[in-house]
Amino acid sequence: MKRGASLRLLSDLSDFSCAAQFRELLARDAAIRLRCSADGRHLLLLSGPGAPAPQLLVAARGSGAGLERAWPEARAAPLDAIFLSWPARPALALVWESGLVELWGTDLGPAWRRLHTTELCPHGAARVAAAAAPRGRLVWCEERPDGAGGHRVCVRTLEPGGETGVRLGRTHVLLHHCPPFRLLASRKDVFLGPTASAWPGAAHILLTWNPSKGKVMVTAPRLGLSYSKSLNPKQGDTWDFRTLLRGFPGLLYPGEPLAVHTWAPTPQGLLLLDSRGTIILVQAHGGTRTVGALQEASIGLESTAALGAFNGTLACVLGSTLELLDMSTGRLLERKVLSTDRVHLLEPPALAMKDGEELETRRGLRLLSALGLFHVGWEAPQSFELPSATDLVFEEACGYYQRRSLRGAQLTPEELRHNSMFQAPQALASILQGHLSPSALLTILRVELRDYQGLEQLKAQLVAGEEEEAVWTELAHQEVARLLRTELTGEQLAQLNTVFQALPSAAWGATLRALQLQPDGNGRLSSQAPTDVWKKVLGATAAIKEAPSGILPAFELLCQCLYRLEPQWLPSFVELAQQQGGPGWGAGGPGLPLYRRALAVLGEEGTRPEALEIELLLGSRRPKAVLQAVGQLVQKEQWEQALEAGLALGPSSPLLRSEIFKLLLAEFARHRQLDAHLPLLCCLCPPELTPDELLLLLRAHLPDEGAPPTPFPEPGAEPPLTLGLLRTLLEQTAAEGRPSGPVLSLYEDILWDLRTPPPTPPRGPVTTLQAAEQPALEAWAPLGQGPCVTDTGSHL
């Protein structure tokens, strides 16, 4: 039966952010630059210089936030905007001709923010001519200053780390002394094509660099020549372009320049459309072949064209015409006339754009215009049927029993259907066929089987070598989600550790989905995940005894991954886990508290990042941990942070606040570094503390004075504690208003007698008292030191 091409509407763009501006930009400018993220949730539009604002628009599908940027001057606009392969969240690179690069991301929330800014050309005189981003790398071609040797091609890797969670690694030079190149990237390769200003002897040469294999393929499509060389930046490989070409026989033979109208990187290779309408495929291994020719006789420079490939079919949009050709024979399969000529072709997303999206939508291309987002693919014949769920049950059971059987004969699904020895697949098949009453088990089994079918298709794509990185990411997402639905015993826990070790970013992205983590307005994390998921994450410490050595429990595994990728969110994650924990889960059970389990992931005591350790200790809200953190802040002389840590406890922890106050009061007595923070120390003072108790506490920590006190300190010596400094604290410790009852403190009259002191008596002449006028005196002298003076008056 003949297949028919279908054009199915996926979205009218109303579910994208900034939908009105999005449609307007698509309808206004046919030469607009369009990018799509790997998950298909974000679309990027970049207008050329001089276009009205906004010149950059990132539209997000669903609940995600958009991004709008505008630059008044054409010189200030970026050269290119590129999505980066960052599995945990979308990331965007803005590249300017000057070499400035801004990395933007959505962090843990939906809003976009600038993550990192750097310079690709730190020496200033170079100018970026082109840029591309394959597999978490940023590749660019820069024009060197006059006399420095033409152009060169460099690469920097996108690495996790730093306060923002992402950064660019150091620069590696791939090619130097080379002509200017046009850079295009697929999900596996980087293609370096000649530009209009290419050298005459190199205008017919195309280079293909595979970063994962560390190989560069040099191809002359018109001459039918291709050569391979090692080019691995990790091993320090770099090539002088002239030396590279001289090593290949026949490559420098004058060939016809590549007059390319449209370039399109695909998983199969690079598609080239020349001005004559001929389409050529340059494959990654260097092979070149003509795919076919368009019905149009010639293509003008002003014509717009787009190329794409799916399931052995070549799609070409030329103006308002869509042509579908068989890639193996070049035969025209179908031709459709579209209602607009402002059309862009997008590759299918590497991941489903939303949960439950049919896998069939990822088997074709997507066509985007101001009218909406469409799916281009082939309709299945009427007689074509997908395998039923019961067939999948018997096929899977057949393979399972065959691997464990000692029989030499091959086991078949038909034998399982009629052999009463294998009852489990028959019972499962009967449930799926509806022979038994519907139950919750039926729904669960159907979900598992659908996941298994999708997993098998992903494995097939991986074996075929298509979209390796995206498939690995999707496999990690599915495996983590599956494991979190099971009981995390020793075997499952070992599998979870393996996934996190092999693909940490993708595994953490899957964890974000499973725990439904979102930041709130106060910089904290919140979660809407059900209690059962948190119970499995926090309460798997007993399962570690069943697992091999070196296997971490789920909570420790998540903390370790978060510490490596985004350490600034680790304290908030541990605090959230403490709020979610229940009795016996690991948060409120008899085992180690969660903050100590998180600290163990950071390393041995003394080797941990001190700032992160202090945050974890303070966030635990445990008295010993908080006192330990305050003690570390005191040792580092971070007085304000220590005081704020005590004030953050609130009135619900009076004893802990009192201990922190006594600790800081001892420092206040020893030196004068806390004088500037005296108002905060007064706020921390316990309300029940009396002035005499305060003075006794101070007296215990005052430094010993070897010499009698002097009115002024010695030069360079620490000033002593004075009563003027203590007055605020003494007033703080007294009661509000002078009490009417008996005096409870020896110093209370001094503190609260705010009246004017009595006047000084007049100073008159001093009269000398005579001995006769003096009353009876009693003079004394120490025993044995002179005569004793007795009463000189009369005695009765």
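Predicted model: local features only at pLDDT ≥ 70, side-chain atom pairs only at ≥ 80, totals over all residues.
Good morning. I begin with a pair of strands: strand 15 and strand 16 (residues 190–194) run antiparallel and are joined by five bridges. Within this pair, alanine 185 faces valine 190 of strand 16. Two strands are said to pair if DSSP finds at least two bridges between them. Helices (H or I, at least four residues) and strands (E, at least two) are DSSP runs, numbered from the N terminus.

Residues are numbered from 1 along each chain as its sequence is written, and side-chain values use heavy atoms, with hydrogens and water left out.

The pair I opened with belongs to an open sheet of five strands, ordered 15-16-17-18-19, with antiparallel pairing. Strand 15 (181–185) and strand 19 (225–230) are at the edges with a single partner strand each, so one side of each has no neighbour in the sheet. From one strand to the next, the twist averages 20°. Angles here run from 0 to 180 degrees between N-to-C directions, and axes are lines fitted to C-alpha atoms, for helices over the stretch in contact.

A second open sheet has four strands in the order 21-22-23-24, again with antiparallel pairing. Which strands stand at its edges? They are strand 21 (260–266) and strand 24 (288–293); each has a single partner strand, so one side of each is left without a neighbour in the sheet. The twist in this sheet averages 25° from one strand to the next. Strand 21 pairs with strand 22 (residues 269–274) over six bridges, in the antiparallel sense, and threonine 266 stands opposite glycine 269 of strand 22.

I turn now to the helices. Helix 13 (residues 594–602) is largely enclosed by the rest of the structure, because seven of its nine residues are buried. Buried means under 20% relative accessible area, exposed means over 50%, and partly exposed lies in between (1.4 Å probe, protein chains only). The buried residues of helix 13 are Leu594, Tyr595, Arg597, Ala598, Leu599, Val601 and Leu602. Their cover includes helix 10 (531–538), helix 11 (554–565), helix 12 (570–580), helix 14 (610–619) and helix 15 (623–635). Just after helix 13, glycine 603 has a positive phi of about 120°.

How do helix 13 and helix 14 pack, and at what angle? The angle is about 170°, and the axes are 10 Å apart. The two helices are therefore roughly antiparallel to each other, a term for angles over 145 degrees. Tyr595, Ala598, Leu599 and Leu602 of helix 13 meet Leu612, Glu613, Leu616 and Leu617 of helix 14.

Next, the nonpolar cores. A nonpolar core is a set of buried Ala, Val, Leu, Ile, Met, Phe, Trp, Tyr and Cys residues joined through side-chain atoms within 4.5 Å. In the largest, which has 78 residues, Trp534, Phe555, Phe573, Phe661, Phe668 and Leu729 touch the most other members. Helix 11 gives the most to this core, with eight residues. Apart from this core lies another, of 26 residues, among them Cys141, Val153, Leu207 and Phe248.

Technical notes:
Contact = heavy atoms within 4.5 Å. Parallel < 35°, antiparallel > 145°, perpendicular 65-115°, else oblique.
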